[in-house]
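Student: I've got this model open on my screen and would like to talk it through. Can you take me around?

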Amino acid sequence: MNKKIKSHIYLAESILKRFSFQDKNKRYLINYIDIKTMQIKQETIRRFNRELEYYTYKIEQKLKSNSEEKIGNVIAKLENHRKQNNTDFVLSKQDRNILTKYLAYQWLRSDYLMQIIKEKFNSPLSIKQLKNILIDKEDNTELISKLTSEMGIGIIFNNTNNGYVINSATSVWNTNSKDYYIITIILTPNIAIRYCKKNSIKK
């Protein structure tokens, strides 16, 4: 019998924690913008965007082992480089693969992508059902790998007092031409990853 668990719908608790602060009761809180009211609100990271049985137990375990635990190790390495002001390091192939898979899973957790799929294929399934089905199919993450395999990758360290703000998909798409996309992944208030056209990244 499958376990009933509460799922963080868009972002893992480990990622949310990096954007949180502790109150006097040692609870981790996060500030967020309610897009319906456009007001800044506050919630504990344990309750923020969480729902009972949103993902199945199988999918939760897959997200945890294939993405969330591994991206934490990469972030720890990058944070160490940032603190040492080391800009001469190169991402290993393994770390790059972990980043790409993390990006893929975040897109598959996105309501926006699921809505596009629903409309394109006239699917009667709910967004929640589509997410569970598509995340379960490993081949879907390979599509993202192919998309980014020929792109350059850069690390952006933010050492200012104004940290990055994360969205529900953790990534932002934009383009400067019809030929290529720029994909920016926010990992922490101080670290972002940018995929873009090869040889277009300057140190």
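**A tour of the sheet and a helix pair**

Student: Which residue of S4 is the bridge partner of Tyr32?

Tutor: Keep in mind that we're looking at a predicted model. In S4, the partner of Tyr32 is Lys41.

Student: And what about the other neighbour: which residue of S3 is the bridge partner of Phe21?

Tutor: Phe21 sits in S2, which covers 21-22. In S3, Phe21 is paired with Leu29.

Student: Which strands stand at the edges of that sheet?

Tutor: The sheet is open, with three strands, antiparallel pairing and the order S2-S3-S4. Each edge strand has a single partner, so one side of each lacks a neighbour in the sheet. The edge strands are S2 and S4.

Student: Which residue takes a positive phi in the hairpin of S3 and S4?

Tutor: Look between the two strands, where the hairpin has four residues.

Student: Moving to the helices, is H2 parallel or oblique to H3?

Tutor: H2 spans residues 57-83 and H3 spans residues 93-108, and their axes come within 9 Å. They cross at roughly 130°. An angle over 145 would count as roughly antiparallel, and 65 to 115 as roughly perpendicular, so this one falls in the remaining class. That makes H2, relative to H3, oblique.

Student: How many charged residues does the contact of H2 with H3 have?

Tutor: The crossing itself is left-handed. On the H2 side the contact includes Lys62, Lys70 and Lys77, while H3 brings Asp95 and Lys101, among others. By class there are seven nonpolar and two polar residues, and the charged count is five.

Student: Is Lys77 exposed or partly exposed?

Tutor: Lys77 is found in helix H2, and its C-alpha atom is 9.7 Å from that of Leu91, 14 residues apart along the chain. Its relative accessible area is 41%. Lys77 is partly exposed.

Student: Zooming out, what percentage of the residues of the protein chain count as buried?

Tutor: The protein chain has six helices and nine strands. Among its contacts with a separation of 6 or more, 66% come from residues 24 or more positions apart. Of the 203 residues, the buried share is 40%.

Terms used: Residues are numbered from 1 along each chain as its sequence is written. This is a predicted model: local features need pLDDT of at least 70, side-chain atom pairs count only at pLDDT 80 or more; totals for chains, interfaces and linings use all residues. Side-chain values use heavy atoms; hydrogens and water are left out. Axes are lines fitted to C-alpha atoms, for helices over the stretch in contact, and angles run from 0 to 180 degrees between N-to-C directions. Angles under 35 degrees count as roughly parallel, over 145 as roughly antiparallel, 65 to 115 as roughly perpendicular and the rest as oblique. A crossing is left-handed if the near helix is turned anticlockwise from the far one by less than a right angle, and right-handed if clockwise. Contact means heavy atoms within 4.5 Å. Ala, Val, Leu, Ile, Met, Phe, Trp, Tyr, Cys and Pro count as nonpolar, Asp, Glu, Lys and Arg as charged, and the others, Gly among them, as polar. Two strands pair if DSSP finds at least two bridges between them. Buried means under 20% relative accessible area, exposed over 50%, partly exposed in between (1.4 Å probe, protein chains only).
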